[in-house]
Amino acid sequence: MRASVPAPRRLSATRLRALAFGLLCLALLLPMPLPADERPPRPTIGLALGSGGANGLAHIAMLRVFDELGIVPDRITGTSIGAVIGGLYAAGLSADEIQDIFDDVAGSPLDALSGLAGSDLDLADLLQIGLSDGGLLDSGGFLRFLAGHTEVRRFAELRIPLAVVATDYWTGESVVIDEGRLFPAIEASMAVPGLFSPVARGEQLLIDGGTSNPLPFDLLQGEVDLVIAVDVTGSRQPDDDEPPGVTDMLFNTFKIMQQSLTAKAVRHAPPHVYLRPEARGVRLLHFNRIHEILAQAEPAADELRDQLVIWLAIQADAIP
């Protein structure tokens, strides 16, 4: 004989109201997800890209980390090669696309500057001798080549706010440019004294920003939550085989000055993350050695990736 199964008991209306009230109270005690437009904003990130000639191609490795993590910096500052690469990235090019630009170059270090090896254009058309203008080379052709990779022409059109640093030759003071025409500002920021012609801007005569602020992370402090500074001035190694030549002495002396300025700035008010990718054996104009430079930059890129992942995880836990 089957055992009889008692019929389920019905809850009275009073009990139902009490249960509903209890569930409502429990729901009120639990944290409610905020609407998308009311959630706390992601902590802001600022990226400072320093000067350093061809060593600055290491910036591409740092930008690739941002691309891989799906993070877009909220502000970028750049000096010299940092202004070049930062400007292209702020204009919307990815790290891979920027690498492709420099991958197009081949041959001598000067061919690398033209960026048009194998094209119909002659190197002399791109880098005209301009000793009468205060520089050995005219960088106008190189800048026109870069501009051909983006439709952006003015700072206001950039996807990421950008500030580039030049130096007023007459006063010696830093000049921060964050509005107006983009590529003339980049040209001024990369006007290495004696190599590229200075750029006139009103009453100012602008030269390479590395002479006054080679790593402009100070422009980000107080503006963003996390300041990342990438120093690409590199280092010098003794060469027992032959002493440095005239050009090495000239450009490495310029680099020593930049390293001294950067060291002082870092001691005074350090950035949250300070990276120094190495590029041993690379000289100022060795842009054609991009793969070697990027390979040497990988340890610094790994460090940046780890720092970003940890920092973002900490910030996520801190948001209620």
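Trainee: Which hand does the crossing of α3 and α4 have?
Mentor: Right-handed, which is to say the near helix is turned clockwise from the far one by less than a right angle. This is a predicted model, where local features need pLDDT of at least 70, side-chain atom pairs count only at pLDDT 80 or more, and totals for chains, interfaces and linings use all residues. Residues are numbered from 1 along each chain as its sequence is written, and side-chain values use heavy atoms, without hydrogens or water.

Trainee: At what angle do the axes of α3 and α4 cross?
Mentor: Roughly 130°, with the axes of α3 (residues 81-90) and α4 (residues 95-103) coming within 9 Å. That makes α3 oblique to α4. Axes are lines fitted to C-alpha atoms over the stretch in contact, and angles run from 0 to 180 degrees between N-to-C directions; oblique is what remains after under 35 (roughly parallel), over 145 (roughly antiparallel) and 65 to 115 (roughly perpendicular). Helices are DSSP runs of H or I, at least four residues, and strands are runs of E, at least two, numbered from the N terminus.

Trainee: Which residues of α3 and α4 meet?
Mentor: From α3, Val84, Ile85, Leu88 and Tyr89; from α4, Ala95, Ile98, Ile101 and Phe102. Contact means heavy atoms within 4.5 Å.

Trainee: How do the residues of that contact divide?
Mentor: Eight are nonpolar, none polar and none charged. Nonpolar covers Ala, Val, Leu, Ile, Met, Phe, Trp, Tyr, Cys and Pro; charged covers Asp, Glu, Lys and Arg; the others, Gly among them, are polar.

Trainee: Other topic. Which strand gives the largest share of the lining of the second largest pocket?
Mentor: β2, with three residues. A pocket is an open set of points on a 1 Å grid over the protein atoms alone, where a 1.4 Å probe fits, with protein on both sides within 12 Å along at least five of seven lines; lining residues have an atom within 4 Å of a point.
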